[in-house]
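Thanks for coming. I will go through the aromatic pairs first, and then the salt bridges.

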Amino acid sequence: MWKKSELREAPAPLEGPVVATITGGTVIWFVLFLAQLPFYGWFDDRGTTWWVWTCLAGGGLGLLGVWYVRRRDAAIKRDAAFKRDAAAKRDGGRAAPGA
């Protein structure tokens, strides 16, 4: 068992190219779906057609993910611009540009 003194605070979450990551994953799901389509009969003979449909579902959910992260990034940028403009008004226009 861990003692309370051994627990540490969680690190800050990593931010990266989220839209590119989700888009790349979505493309991979669709490529896998298209690559399996010619072998649908083989999958059907073995009762594993769910592999094909799982790839299609992954691609569809990926499209939803791309839509979501693009809206999230836009909202984050809008919020940052709003805070920057509010700080500039509060300081009488003396705020550093791009801060």
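**Aromatic pairs and salt bridges**

There are five aromatic pairs, counting rings of Phe, Tyr and Trp (its six-membered ring) whose centres lie within 6.5 Å, with planes under 30 degrees apart called stacked, over 60 edge-to-face and the rest tilted. Take Phe-43 and Trp-51: the ring centres are 5.7 Å apart and the planes sit at 55 degrees, so this pair is tilted. Trp-51 also pairs with Trp-50, edge-to-face, at 5.9 Å between centres and 85 degrees between planes.

Before going on, this is a predicted model, where local features need pLDDT of at least 70, side-chain atom pairs count only at pLDDT 80 or more, and totals for chains, interfaces and linings use all residues. Residues are numbered from 1 along each chain as its sequence is written, and side-chain values use heavy atoms, with hydrogens and water left out.

Trp-42, Phe-43, Trp-50 and Trp-51 make up one aromatic cluster. Phe-43 is buried at 6% relative accessible area, where buried means under 20%, exposed over 50% and partly exposed in between, with a 1.4 Å probe and protein chains only. Trp-51 is partly exposed at 40%, and Trp-50 is exposed at 53%.

Now the salt bridges, of which there are three; each needs a side-chain nitrogen of Lys or Arg within 4 Å of a carboxyl oxygen of Asp or Glu. Asp-79 and Lys-83 form one, at 3.3 Å from N to O. Lys-83 is exposed, at 51%. Within it, Glu-15 meets Arg-72 at 3.4 Å, and Asp-73 meets Arg-72 at 3.8 Å.
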